[in-house]
Amino acid sequence: MTEPAHRSAVTGAPRTGAARLTELIELSRSLGAPARDLVILAEGNTSVRTGPGRMLVKASGSSMAVADEHDFVEVQTEALVALLDDPAAGDQAVTDLYAEVERETGRRPSVEAFLHAACLEVEEVDTVGHTHPVDVNTILCSRHAELIATTTLFPDQVVVLGPHALFVPYIDPGIVLARTFRQRLADHVERHGRAPRIAYLANHGIFALGRSPSEVERITQMAVKVGRVLTGSLAAGGVQSLSTADVSRIDSRSDEAFRRRVLDRDQPPADTGHTPPDPGASA
Ligand SMILES: [Zn+2]
């Protein structure tokens, strides 16, 4: 059994709230870097699990590119999820909850905090990054939107994004979107036995569901690549996907499993080649 990702990869000790905040600031600034074209202005948001039923999430209105320790707020995910469970709760209940958080902390969570709470409700998810990448939204704002979630174009897509992505049709941001997103996420886990690594929201953007901040980085990078390759494939006359058999073979191949283990380490991978090291070989 692997260590929960909110434990240090080096010592196995639980990361402190301060360490988690530092990781989240670094991830936010990286995803917000203007040259990457993932977000502009105050778009996008990030979150990490800080303990059972708790998360740090980006505050409303702040910019990821220049995020600092004042741009995040710690909230009880359970309080947010309880509102989603209450069919009588509407957008006014959300406004009231946010006002309460603002009174207590001086900061208001992002409007998309409910989606982060839904992601972090899934046990294997530790860190979440939400962006509006131009190269992905090119597809998500086209008539081929769903194709990006249902088509596998090349093997590394399977390694990083997994064999099955989640797709959510367009719904205005708010509690209805959060409820639909959470239901589709639960259905996905039920059907496939594991969480998706990525959720595509039509006419909106992506959620990267990582087991660590570095995995959120890799998922986001790979989604951008998939968006660009898919756009090119459509322009080049049409998409030639990998077959379902190809995808499940790649998903289960031991050398791909090795690469995934290497990638799962929090450090940048020293070797992402196909050949696992031979434990019996002398140095
Ligand atoms: Zn968004």
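Select the seven strands that form an open sheet with mixed pairing, in the order β3-β2-β1-β4-β7-β6-β5, where two strands pair if DSSP finds at least two bridges between them, and where helices (H or I, at least four residues) and strands (E, at least two) are DSSP runs numbered from the N terminus. At the edges, colour β3 (72–76) and β5 (166–168), each of which pairs on one side only. From one strand to the next the twist averages 20 degrees; axes are lines fitted to C-alpha atoms, for helices over the stretch in contact, and angles run from 0 to 180 degrees between N-to-C directions.

This is a predicted model, in which local features need pLDDT of at least 70 and side-chain atom pairs count only at pLDDT 80 or more, while totals for chains, interfaces and linings use all residues. Residues are numbered from 1 along each chain as its sequence is written.

Next, select residues 45–51 and 54–58, strands β1 and β2, which pair in the antiparallel sense over four bridges; here glycine 51 stands opposite arginine 54 in β2.

Finally, show the whole protein chain, whose secondary structure comes to eleven helices and seven strands. Among its contacts between residues at least 6 apart in sequence, 67% join residues at least 24 apart.

Conventions: Two residues are in contact if their C-beta atoms, placed from the backbone, lie within 7 Å.
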